[in-house]
Amino acid sequence: MILRRQSMLTGRMHEMELPVDPELLRAWLVTPFRSRPFVQNAFSDLTEDQWEFILTGATPEETAEFW
């Protein structure tokens with residue numbers, strides 16, 4: 001599925017193809033923050049960059065520039 005997010009670092013919109021069930025991702029995103037499992041547990045087959053994108057909308061390039 002293609003996920004479109006606004007970067008918390010730059011405010012720019014980005015898209016990333018993620019190999020996840022769209023319904024599972026939607027359910028995770030709408031669950032209140034304190035009630036949902038950690039992204040690493042919910043989507044254990046994804047990479048760290050993909051987890052970061054789900055959480056913040058930041059691309060690997062933006063994250064590298066920021067840090």
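**Aromatic pairs.** I searched the whole structure, a predicted model, for aromatic pairs and found two. I counted rings of Phe, Tyr and Trp (its six-membered ring) as paired if their centres lie within 6.5 Å, with planes under 30 degrees apart taken as stacked, over 60 as edge-to-face and the rest as tilted.

Trp28 and Phe43 form an edge-to-face pair, 5.8 Å centre to centre with 75° between the planes. I placed Trp28 in helix 1 (residues 22-30) and Phe43 in the loop between helix 2 (39-42) and helix 3, so this pair ties together parts that are 15 residues apart in sequence. Helices here are DSSP runs of H or I of at least four residues, numbered from the N terminus. I noted both Trp28 and Phe43 as buried, that is, under 20% relative accessible area, with exposed being over 50% and partly exposed in between (1.4 Å probe, protein chains only).

Phe66 and Trp67 also pair edge-to-face, at 4.9 Å centre to centre and 85° between the planes. Trp67 counts as exposed because its relative accessibility is 77%.

**Charge over a ring.** I found the charged end of Arg36 over the ring of Trp28, 4.0 Å from its centre. The criterion is NZ of Lys or CZ of Arg within 6 Å of the ring centre and within 35 degrees of the ring normal.

**Glu52.** I located Glu52 in helix 3 (residues 48-56) and recorded it as partly exposed, with a relative accessible area of 31%. Beyond its neighbours within four places in sequence, Glu52 is in contact (heavy atoms within 4.5 Å) with Gly57, Ala58 and Thr63. Glu52 and Thr63 are 11 residues apart in sequence and 8.7 Å apart in space, C-alpha to C-alpha.

**Conventions.** Residues are numbered from 1 along each chain as its sequence is written, and side-chain values use heavy atoms, leaving out hydrogens and water. Local features need pLDDT of at least 70 and side-chain atom pairs count only at pLDDT 80 or more, whereas totals for chains, interfaces and linings use all residues.

Key
Helix = DSSP H or I, 4+ residues; strand = E, 2+ residues; numbered from the N terminus.
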